[in-house]
Amino acid sequence: MGYVYAVTGTSKKCIVLDLDNTLWGGIIGEEGFDNIKLGDNPVGRSFVEFQKRLLALNKRGIILAINSKNNFDDAIDVIQKHPNMILKEENFASVKINWDDKVVNLQKIAEELNIGLDSMVFFDDDPINQEYVKKLLPEVLVVDLPKDSSQYSQIITEMKEFDVLKITEEDTKRSDMYLGQKKRKELENKVGDFNEFLKQMNIEVNIQKANSFSIPRISQLTLKTNQFNLTTRRYQEEEVSKFSSSDNKIVECVKVSDKFGDNGITGTYIIEKKNNDEWIIDTFLLSCRIMGRGVEETMMNQIIEKAKSSGIKKIKGEFISTTKNKPAENFYEKLGFKKENQFWVFNTDNIIKKPEHVKVIKNE
């Protein structure tokens, strides 16, 4: 099943965790900092072991988040200062410690991280919370945690929903990337005007041909990217490698960085050279973390410039609708492509406005 999840791109991205009796034993608001069970006895050690397994998943790219009904100061004190806490504040991409509804918090976490609810797994020891989330957010995978905390580690170890075919560099850096995402959001809120925010971001897009280093990541993007994905075609590494060595295909990817750090390889496109006049966009996608900042327009500009310099008159692309790729629905139309039957068509004599705030680096 782990292979099936990985191959079909349905593996989970994010673990959302309760705190009391989930990451430590006892209720912090009642028992206090010194009396919760964490590492000092057999029960406490079971929570330490569970945290170690979570940390291992986090280090290979699984996002961690907190959804806990608690006094914020009491709970964050444990996370920051308890000597037996394995997970630290920086391991959590989103923290919701409040008295709000847990379903509302889950929705806010998904929105904050820009991920789908169906890519989330929820760990909460309370059966009432488990059933509540299952009923109102059926897309979220809710784990049925037993009362015996010693089983938590085994449960998460045996789960296949987090399996991937290969761990890429982007996976190992994902926690840092989401910390950068927090800082971007803070700047956006501070600046207020979105265009001014983009100017201050110092966005760089590095466009490069697929190679042995990037092919695993390109394949992973085709398997996992759902929201900004024009065709949602899924390709294994062997297929991407074959495309990249073909004279009839162009396979390129983009690395994106800004003032808050390196986002890694976050976008790719695969072009079919149909004939001497026409290219067809087979695949065009961008990670949901990056969309809306001008990177997608920059990628399309690169395709058009390359086509024009090769004497190509038309670029054609399909939008294949799914339940998840609504954000990409109007992309072709917005850039001036015209609908002809099932294809959107662009005449290379026309011009697409380039995002001025994006610096482009090309590695041919």
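# Notebook: a walk through the model

I started with a charge and a ring: the charged end of lysine 316 sits over the ring of phenylalanine 343, 4.7 Å from its centre. A reminder to myself before going on: this is a predicted model.

**Entry: aromatic pairs**

I stayed with rings and searched the whole structure for aromatic pairs, and the search gave 12. I picked phenylalanine 47 and tyrosine 152 to look at in detail. Their ring centres are 6.0 Å apart and their planes meet at 85°, so I noted this pair as edge-to-face. The pair ties together distant parts of the chain: phenylalanine 47 belongs to helix α3 (residues 42–59) and tyrosine 152 to helix α7 (residues 152–158), 105 residues apart. Buried or exposed, I wondered, for phenylalanine 47 and tyrosine 152? Both are buried.

Next I looked at tyrosine 269 and phenylalanine 284. Here the ring centres lie 6.3 Å apart and the planes are at 15°, so the pair is stacked. Tyrosine 269 is in strand β9 and phenylalanine 284 in strand β10 (residues 278–286), 15 residues apart. I checked the accessibility of each: tyrosine 269 is buried at 1% relative accessible area, and phenylalanine 284 is buried at 0%.

Which aromatic cluster do Tyr269 and Phe284 belong to? I found them in one cluster together with Phe228, Phe331, Tyr332, Phe337 and Phe346.

**Entry: asparagine 263, also in β9**

While I was in strand β9 (residues 261–273), I stopped at asparagine 263. Its relative accessible area is 0%, so I wrote it down as buried. What does its side chain meet in a polar contact? The partner is the side chain of arginine 289, at 3.3 Å. Setting aside neighbours within four places in sequence, I listed the contacts of asparagine 263: Glu170, Met177, Arg184, Val256, Ser257, Asp258, Arg289 and Ile290.

**Entry: two asparagines with positive phi**

Most residues other than glycine have a negative phi. With that in mind, I looked for asparagines that go the other way. Asparagine 21 has a positive phi of about 60° although it is not a glycine. I located asparagine 21 in the loop between β1 (14–17) and α2, and its relative accessible area of 26% makes it partly exposed.

Asparagine 202 also has a positive phi, near 55°. Where is asparagine 202 found? It lies in the loop between α10 (194–200) and β6. Asparagine 202 is partly exposed, at 48% relative accessibility.

**Entry: strand β6**

Of its 7 residues, 5 are buried, so the strand is largely enclosed by the rest of the structure. I looked up its partners. With strand β14 (residues 358–363), β6 pairs in the parallel sense over 6 bridges; there, isoleucine 207 stands opposite lysine 362. With strand β8 (residues 249–258), β6 pairs in the antiparallel sense, again over 6 bridges. In β8, I found glutamate 252 as the bridge partner of lysine 209.

**Entry: the two sides of helix α4**

Last, I turned to helix α4 (residues 72–81) and asked which of its residues are buried. They are Ala75, Ile76, Val78 and Ile79. Why do these residues share a side of α4? They cover an arc of only 150° around the axis, which puts them on the same side of the helix. What do the buried residues of α4 pack against? I traced them to α2 (28–31), β2 (63–69) and β3 (92–98). On the face turned away from the buried side, I noted the exposed residues Asp73 and Lys81.

Conventions: Residues numbered from 1 in each chain as written. Predicted model: local features only at pLDDT ≥ 70, side-chain atom pairs only at ≥ 80, totals over all residues. Heavy atoms only, no water. Buried < 20%, exposed > 50% of the residue type's maximum accessible area, 1.4 Å probe, protein only. Helix = DSSP H or I, 4+ residues; strand = E, 2+ residues; numbered from the N terminus. Arc of directions from axis to C-beta. Contact = heavy atoms within 4.5 Å. Polar contact = N/O pair within 3.5 Å; in protein donor to acceptor, adjacent residues only side chain to side chain. Pairing = 2+ DSSP bridges. Phe/Tyr/Trp six-rings, centres within 6.5 Å; stacked < 30°, edge-to-face > 60°. Lys NZ or Arg CZ within 6 Å of the ring centre and 35° of its normal.
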